[in-house]
Amino acid sequence: LLVRAVAGVPNFYQVVARYGYQDLVDHRNAFVSQVISTVMHKLELKAGLKYQGLEDDFIHELEGDEADDDEAGNQPAVTPFGLEAVQEVMIEEEEEKKELEQGSVGRSPYISKFARDAHDRIKLAASSPDAPQVAKDALAAANTLLSAAHEGIVYYLGRAWTRATPESNFLQHLMIDNIYRTMELLSYTDSEAWQIPLDNMVELGMTLEI
């Protein structure tokens, strides 16, 4: 997945999913979870968070494996803050963290363990007294993303219908309005080919006259 923030539009991201010719395309829960995890990973980097094993954790997430802190080569997050400052932050946010762990956000099928852990790391970085503004911006974006994921996912899909122009002759009407449109109806739609849940889909269509 390739993800980047849309410049000038807060909390909007462009996502490019690359598939091979024979890859299975499935845009249901697992795909949405990967998108959210990828965005959270970008927000971690924006907040200046880097630790040994971060990229390994992210690769495990994309492959469908949960990261294990005890795994060989992985180490806990290293922050630039002193121990005392970290303890103060943890004490102040203990109740908030419990609410996050017990609340509905943690139960969302779209939010993985990696995304939740990334949110905790960003929150810790942004809570430091001398935290840079980019870390605070990353936390605000992460909060908005998790809140939106909790509310649910809506797919907006474009679709075009074709018809012959009024000036078309009999043969053009026959080919476009009958034969071609019949083939359209018999063909797979994008929602079927991409396995998009119909209950969560809004189809935006337009008519093209040719």
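Helices (H or I, at least four residues) and strands (E, at least two) are DSSP runs, numbered from the N terminus. The model is predicted, so that local features need pLDDT of at least 70 and side-chain atom pairs count only at pLDDT 80 or more, while totals for chains, interfaces and linings use all residues. Residues are numbered from 1 along each chain as its sequence is written, and side-chain values use heavy atoms, with hydrogens and water left out.

**Exercise 1.** Determine which helix holds Met 183 and which surface patch this residue belongs to.

*Solution.* Begin with the fold: the protein chain has 8 helices and 4 strands, in the order β-β-α-α-α-α-α-α-β-α-α-β from the N terminus. Met 183 is part of helix 7, which covers residues 170-186. Accessible areas come from the Shrake-Rupley method with a 1.4 Å probe, and for residues only the protein chains shown count as cover.

**Exercise 2.** Identify where the confidence is lowest and where it is highest.

*Solution.* The pLDDT, the predictor's confidence in each residue from 0 to 100, averages 79 over the protein chain. Helix 4 (residues 94-102) is lowest, at a mean of 50, whereas helix 6 (residues 133-151) is highest, at 93.

Terms used: Patches are made of residues with over 30% relative accessible area and no salt bridge: like charges are joined within 9 Å, nonpolar side chains (Val, Leu, Ile, Met, Phe, Trp, Tyr) within 5 Å. A salt bridge is a side-chain nitrogen of Lys or Arg within 4 Å of a carboxyl oxygen of Asp or Glu.
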